[in-house]
Structures are given as C-alpha cells and as structure tokens.
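Here are some notes to read alongside the structure. Keep the viewer open and look up each residue as it comes up.

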Amino acid sequence: MKPDVVIIGAGTGGLIAALKMAREGLDVLVMEKSSEDHYGNTWMNDLDLHPFEKYDLPKPLPEELAFPIDRNIRANANGVEGGVIIGNIPNYALKMSLYQKRLVSLCREAGVQFVFNSRATGFLEDGKAVTGILVEDGGVSKDIPARMVVVACGAFAPILKKIPEFCDFDFHFRPDDAVHAIQELWKINPGPAREMVSQGSLTPNEMVFFMGVPGAGPFSTFMYQLDLDQEVVALLAGCKPQNPGVLSPRELIDDFKDNSLGFCTEKIYGGGRAIPMRQSLDNLVDNGIAILGDAAFMASPANGSGTTPSMVAGAQCAWTVAKVLNAGLKPTRKALWGYNVAFQTGLGATFAGYYVAHRIFTTFSEQEVQNLIRHKLIDPRQFKNVHDAKPFGVDPLQGLGLFMKALPVMGALIGFVKHGAKIPIITRHYRNFPGEYDPETFTLWRQRTNKILKRLDVS
Ligand SMILES: Cc1cc2nc3c(=O)[nH]c(=O)nc-3n(C[C@H](O)[C@H](O)[C@H](O)COP(=O)(O)OP(=O)(O)OC[C@H]3O[C@@H](n4cnc5c(N)ncnc54)[C@H](O)[C@@H]3O)c2cc1C
C-alpha cells in the first residue's frame, strides 16, 4: 500500500516526525540506511528540558542518561582561575543510541513501518512535485511512491544533492560553517582522579568547558565532566580543523586524556562527525516534500546543539503535514507553509541571531576569546539563553558596561558590541516571516534577509 509519508532517516528528527504523524492517523514509512543492530548516534547529547514539556516529547528513562540532571556549567579558558559559573542548569545527558532505539519502539507501537539497511538514492517526481523516493535495498533499486516525503537524513548526506531542482532549498554553505566534534565517555581509575580533585586540578560533577583552546582556533571548545561516584569521565572536543594548522578534536581529546588526566581505562561510549553551524534553511517545504533536523542546518550556530531542534521541528512538521493530508489536501508548498512559519518564527529566528554571533566569534583570536573569559566579560545569562535556545543580543547599556570592564581587551570587544547590538535586527526579521505563502512576499523577505546579513558582514 502507498504510505501517506515516507521519511528518510531514523535520527531524532525523523523519529519524532514519524511518531507524531502516526499518532495523528497517517501511514508512515521510515527508511534508514544503517542496520537496526548498529544504528543510532554513538555520542551523548546534552539537552535542555523545556521542549520535552512544550512539544510532548518522550522523556528519557534513567538508564538512558549518563549523568544526573542538575549540574553546573563552568566556562573556562586556558590559565584562567575559576572561570564563569552558570549555576545548576537542568540537562539531559542522553546516551543517544539507547534513546533512539526506544523511540523506534514507540513509533512501532503507534503503527510506523521501518525498513533498515535501506538507503534512499533519489526522488520520484512529476516535474512539479515530489511523489516518492528511490531506494537501494540489498543491491536492488526500488520505487517507493508516497503522498509526500520528509527528508531527515542528517547533514551532508549525498541524498541531499538529489533533491529536485524545483525545490527552493538554499543549501549555500561556507566550509568554515561546520564544526567537527567528538564526544566520549570513559571508565576511570578513581584513585588518581580523586587525588587530582583534592589537589584542585579537576572539578567534579560539573560540565567544565574551555573556550578558545590553544592551538585549536577561536571557535573551539573542550569539555570534561568527571563523576567520581560512577567512576566515569565524559570528554567533548569541537573545533574547525579545516583551518590550516589547527588541532583536530581527536588530537584534543587524546592529549587531555593521556597527558592531563592519565587515569582513563576503557572507552564505553562515543563518536563524532561534522556539525553544521549556519542559520537554518529559510524555507523547509516544497511541493510534496519537507526537510528538518541537521539536513536543514537546524543545529544551534552558538553551540552545535541540534537534537532538541530536530525534535521540535519533527513535531511542528508532523502537525502541519497531518492537518494537510488528513483534510485530503495536496501537500503543496502553500499548504505546508504552516510548518515553515512555526519553525522560522521560533528557533529559526533565534538561530539566525546566533549565526551572526558565531561569525563574529570566528574573527577573534584564541587569545581574545580567552581574555573574554579571564575578564569575566561572558555574561552567564547569555550562556543560559544559549543553553535554552533563547535569543540574545548585547543591549546598548550592557555594551557600555562591557566596554568599561573591557579596556584591556578592547579590540575583540569593539566587534562584539558593534555587531552584537544588531543581532536582534535579524531575529526580529525572522519573527516577521511571511505568515502565508505568496511568491512575491517571500522573495522580498529573502532579499531583505540577505541585505541585513550583508550589513552585519555575515552574508
Ligand atoms: C560529538 C557530537 C556531540 C553533539 N552534542 C550535542 C549536544 O550535546 N546536544 C545537542 O542537542 N546536539 C548535539 N549534537 C548534534 C546532534 O547530534 C545532531 O544535531 C542531531 O543528532 C541531528 O539529528 P537528525 O535527526 O537531524 O539527524 P541524524 O541524527 O544525523 O540522523 C539522520 C539519519 O539518517 C540516516 N540517513 C542518512 N542518509 C540516508 C539515506 N540516504 N537513506 C536512509 N537513511 C539515511 C542516517 O543513517 C541517520 O540515522 C552533537 C553532535 C556531535 C557530532
């Protein structure tokens, strides 16, 4: 039987879309290229809790979490005592593959069909609308017609290049808009770890971030979380290794693990890849097709968090698609526009603002980023906003305060205050995303986006 919706990819975004659509009565088929045994992201993700209530997302089970929910975040830099503490931010430290496998079970209970080991290789179309996909299953090519297709295949998947040309998705990407990240969980030898804690060289039970890691570029992060009760340490490194001479996340993790800690005994979880850190696609729908998650650049350009955004978009997409298909309507760009509006006026707006901040940060030197921490110029409230995916900007009064505190690091601050104060302009513009689809209005809105980004030196 022809399904209502075929979804490419069983990541968190595709799975939430599938679950919500099936609960709305649609026939949903998910195609996943990996095998069921070896599928799911192998790293941990830190997620804020709010979207779970707001979008009624399945809450993690205790065994899917690597750490307790309430921990401090500490922003630190090389050679800086103490750092900036962002107190008690509730966080799900989620073991992704376990959670994803449970989502698959919930989807099956709701009636979703899965085909693992099946790679989408192309799209069926009639010149104006997408009408299904082509898949390769055990070396055999098959047509899968469907009323519509949802693309949730993650970033940089080859299938994205096969999206028909009439679809108005702007995948324009600068190579340095990606961050490469690795996250690992290690068992430890607790004796030496306790000793380092008592000497004050490690802080336990917090997410301790280092920014502007020496040798790894200004937009680099290293994080450790040490849990002496469970006798584990989590390590995360993210940087832009495509910049010449910059250390890779692998080198950062190995160096810290072997030379600064020396007590890690066995890796129990971990993995990594490139994360897109650009503003999200400014259009997410076309005739017979919708796109979400990392495939639509929905990871936060401030910190690379893309799991809850993919799930939020999955829910928003599902509600619009169910409304359209259950009413017997054709899933045209115009009919599906509601999903676009819901995302762009919320997370899309916030992430467009973050992208401006991201570009500003990449112009700083490592030293300047370290100085921002050393002089406590990073405001904990802004950190909290980023964690909660809420908008931020530097208001003029705050900017003046920063100037006064920042006399020793004026060079870096001038750019941040000058451009940071303008972040709300792009955020506001996205909040005014056209409420209905009309080609002329959307073209004007897009032209204005490009103008604003150009003025902010970000285009
Ligand atoms: C090391 C690291 C740490 C991270 N930490 C965090 C964090 O702390 N918090 C956070 O929120 N985010 C974090 N992220 C980002 C987060 O993991 C992603 O944003 C999120 O997983 C995106 O989900 P998705 O559903 O869009 O895509 P994915 O999880 O990439 O899922 C896409 C699925 O599509 C499948 N697929 C691809 N092509 C095809 C095809 N042609 N046919 C069929 N199937 C296909 C893939 O096999 C995959 O299963 C981190 C990322 C990394 C690398």
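1. Start with the pair α1 and α6, which cross in a right-handed sense. Bear in mind as you look that this is a predicted model. Helix α1 covers residues 12–23 and helix α6 covers residues 307–326; their axes come within 7 Å and cross at roughly 30°. Angles under 35 degrees count as roughly parallel, and α1 and α6 are therefore described as roughly parallel to each other.

2. Which residues of α1 and α6 make the contact? On the α1 side they are Thr-12, Gly-13, Gly-14, Ile-16, Ala-17, Lys-20 and Met-21. On the α6 side, look for Thr-307, Ser-310, Met-311, Ala-313, Gly-314, Ala-315, Cys-317, Ala-318, Trp-319, Val-321 and Ala-322. Sorted by class, the residues of this α1 and α6 contact are eleven nonpolar, six polar and one charged.

3. Helix α1 also packs against helix α3, which runs over residues 96–109. Here the angle is about 20° and the axes are 9 Å apart, which makes α1 roughly parallel to α3. The crossing of α1 and α3 is left-handed, whereas that of α1 and α6 is right-handed. From α1, the residues Thr-12, Leu-15, Ala-18, Leu-19 and Ala-22 take part, and they meet Gln-100, Leu-103, Val-104, Leu-106 and Cys-107 of α3. By class, the α1 and α3 contact holds eight nonpolar residues, two polar ones and no charged ones. You will find Thr-12 listed in the contact with α6 and again in the contact with α3.

4. Next, please turn to helix α7 (residues 337–362) and helix α12 (residues 423–431). Are they roughly parallel or roughly antiparallel? They pack at an angle of about 155°, with their axes 8 Å apart. Since angles over 145 degrees count as roughly antiparallel, that is the label for α7 and α12. The crossing of these two helices is right-handed. In α7, the residues involved are Gln-344, Thr-345, Gly-348, Ala-349, Thr-350, Ala-352, Gly-353, Val-356 and Ala-357, and in α12 they are Ile-423, Pro-424, Ile-426, Thr-427, Tyr-430 and Arg-431. The contact of α7 with α12 has eight nonpolar, six polar and one charged residues.

5. Phe-156 belongs to the loop between β11 (148–151) and β12 (178–188), while Phe-297 sits in the loop between β18 (289–291) and α6. Are they buried or exposed? Phe-156 has 16 C-beta neighbours inside 10 Å, so it counts as partly exposed. Phe-297 has 26 other C-beta atoms within 10 Å and is therefore buried.

6. The loop between β11 and β12 holds Ile-163 too. This residue has 20 other C-beta atoms within 10 Å; because 20 or more is the cut-off for buried, Ile-163 is classed as buried. Setting aside residues up to four places away in sequence, Ile-163 touches Phe-123 and Phe-169.

7. Leu-252, in helix α5 (residues 249–261), is another buried residue, with 24 other C-beta atoms within 10 Å. Which residues does Leu-252 contact, leaving aside its neighbours within four places in sequence? They are Val-213, Ala-216, Phe-222, Ala-237, Cys-239 and Leu-247.

8. Finally, step back to the whole chain. Its secondary structure comes to 13 helices and 18 strands. The radius of gyration is 22 Å, close to the 23 Å that the globule rule gives for 459 residues, so the chain is as compact as a globular protein of that length. Along its principal axes, the C-alpha trace spans about 65 × 50 × 40 Å. Buried residues make up 48% of the 459. Of the contacts between residues at least 6 apart in sequence, 72% join residues at least 24 apart.

Definitions and conventions
Residues numbered from 1 in each chain as written. Predicted model: local features only at pLDDT ≥ 70, side-chain atom pairs only at ≥ 80, totals over all residues. Axes fitted to C-alpha atoms, helices over the stretch in contact; angles between N-to-C directions. Helix = DSSP H or I, 4+ residues; strand = E, 2+ residues; numbered from the N terminus. Parallel < 35°, antiparallel > 145°, perpendicular 65-115°, else oblique. Left-handed = near helix turned anticlockwise from the far one by under 90°. Contact = placed C-beta atoms within 7 Å. Nonpolar A, V, L, I, M, F, W, Y, C, P; charged D, E, K, R; others polar. Rg over C-alpha atoms; globule rule 2.2 N^0.38 Å. Buried ≥ 20, exposed ≤ 12 C-beta atoms within 10 Å, placed from the backbone.
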